[in-house]
Amino acid sequence: MYPRSASATKTPNGFAFRVTNLSARLRSFPRLRIAAVWEAFFVALASLRQNKLRTALTLVGIIVGVTAVIAVVTIIKGLDQTVAQTFSSQGSTVFTVSKRPQVITSREDFIKFNRRKAVTPEDAEAITRLCTACWRTGVAVNSIQPAKRGDQKVDTIPVRGIDPVSMFEIDGITIDVGRFWTESEGAAGADVCVVGPDIVTNLFPNDPIDRAVGQDIWVGGHRYMIVGVHQALGKILGLSRDNRVYIPFAAYKKRYGVDFSGQIFSPSGVLVVFIQTQSADQLEAAQDQARTIMRNRRGKTFKDDDDGFALETQDVFLKLYSSATSNIYLVTIGVAAISLVVGGIVVMNIMLVSVTERTKEIGIRKAVGARRKDILTQFLIEAVMVTAIGGMIGVLTGFGTAWLIALAIGFPLLFSIWSAVLGVGVSSIVGVISGLWPAWRAARLDPIEALRAE
């Protein structure tokens, strides 16, 4: 017996109930014609196999478009990861105190910041003594000097004077060969240095790295003995981070001087204080304490908006990088996406040619009972199949292209499953959009006129 339900109707005397047959209503609903769709799928597949050249040309347009988009997205993700790792190499537990910010965006700010009092080693000592949330404190100063050994010479070498030895750990430097200098060597300003692998390559071209330890090099007209070579850090935006010489701060101060005068332009380096906490949770408290200590030493009150110094983390570089490259990335992806639009146009043209060639076939199918939506479904499935297959191949070729580019320029490759899903999904959408007009034209053909077509 069929299932029934009761529905209420209003009568002059009150309410009465009418029995309704649910199965009749269910039969009136549109049902998913899985068998018809499955049959259309095989018809579309057979058509693609019969016209291999046309299918291949259609695939080329989609493959090129998806390859361009996937390659660009993958390279951008790898670049973002490289920049983030480089600028965050000191971790989320380090911040700096300096005379002026590391990034200055206007001439007025440059002049304003250079009027400030310079940060001194006494400031670093005060922070070390009074900041209870600070774990490690160190100072660093930088300059550019020429370096040479025998006939080998390099005109510009970054020289970094640091104190104490724990500054190596704050900088994220680990030894590959040799050792760091000792605390006593650092306090005495000994003429020792730790160099990057590129220094060894440039000044010791025929020797292995371990042979450089114990040898002397001349930096800025002064001789230093290499006591260690640190592990390679790689490149960022084409610039090597391994072409640097570390010397004790006392030796740097004695040989090259430190700018404590507050001059706008000075050949000497400017002191920067580095502070590290034991955990990221303590960073904010340490920053507050360091700011209070420095403002007191500068004689600042609550009425003074300018601290008289810059307190920063490495996030300042990430923010600058993001703001500088966000629009560039959008434009780059947009340009790459144009090739995908071109691929969609190719699909539409090929599908229109297919409809024209198969006009008689469409007429025969309609004559034997095929409906408009059957024809529409067949050609849509054919367009989506082509673009989906092209999308999958494009994802593989896109990752392969990105791998080759990353290998050539030294970027890490960051594969993303979402990039693959996006590539296939977008190509399928392109197939639907590109195949809709040809499919609609095929579905609208008059069966009699279609049968007359030659």
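A cavity is a set of grid points where a 1.4 Å probe fits but cannot get out, and its lining residues have an atom within 4 Å of a point. The model discussed here is predicted. The structure holds one cavity of 30 Å³ or more, and a search of the whole structure finds one disulfide.

**Cavity**

- The volume of the largest cavity is about 50 Å³.
- Its lining consists of Leu48, Arg54, Thr55, Thr58, Ile350, Met351, Ser354, Glu382 and Val386.
- Two or more lining residues come from each of helix H3 (52-87), helix H12 (315-357) and helix H14 (372-409).
- By residue class, the lining of the largest cavity comprises four nonpolar, three polar and two charged residues.

- Ser47 belongs to helix H2 (residues 34-50).
- Ser47 counts as buried because its relative accessible area is 6%, and buried means under 20%.
- Apart from neighbours within four places in sequence, Ser47 is in contact with Arg54, Arg358 and Glu382; among the residues lining the largest cavity are Arg54 and Glu382.
- Ser47 and Ser354 are separated by 307 residues in sequence, while their C-alpha atoms are 9.4 Å apart in space.
- Ser354 is also one of the residues that line the largest cavity.

**Nonpolar cores**

- In soluble globular proteins, nonpolar side chains tend to be buried together.
- The largest nonpolar core has 43 residues, of which Val97, Ile127, Val195 and Ile217 touch the most other members.
- Helix H11 (residues 283-298) supplies the largest share of this core, namely five residues.
- Val195, leaving aside neighbours within four places in sequence, is in contact with Val200, Ile217, Ile226, Gly228, Val229, His230, Arg244 and Val245.
- A second, separate core of 19 residues includes Ile70, Val355, Ala442 and Ala443.

**Cysteines**

- A disulfide is a covalent bond between the sulfur atoms of two cysteines.
- In this model the disulfide joins Cys131 to Cys134, with an S to S distance of 2.0 Å.
- The link of Cys131 and Cys134 is right-handed, with 70° about the S-S bond.
- Both Cys131 and Cys134 are buried.
- Cys193 is classed as buried because its relative accessibility is 0%, and the limit for buried is under 20%.

Key
Residues numbered from 1 in each chain as written. Predicted model: local features only at pLDDT ≥ 70, side-chain atom pairs only at ≥ 80, totals over all residues. Heavy atoms only, no water. 1 Å grid on protein atoms, 1.4 Å probe; cavity = no way out; pocket = protein on both sides within 12 Å on 5 of 7 lines; lining within 4 Å. Points joined across faces, edges and corners; volume = space filled by probe spheres on them. Helix = DSSP H or I, 4+ residues; strand = E, 2+ residues; numbered from the N terminus. Nonpolar A, V, L, I, M, F, W, Y, C, P; charged D, E, K, R; others polar. Buried < 20%, exposed > 50% of the residue type's maximum accessible area, 1.4 Å probe, protein only. Contact = heavy atoms within 4.5 Å. Core = buried A, V, L, I, M, F, W, Y, C linked by side-chain atoms within 4.5 Å. Disulfide = S-S within 2.5 Å.
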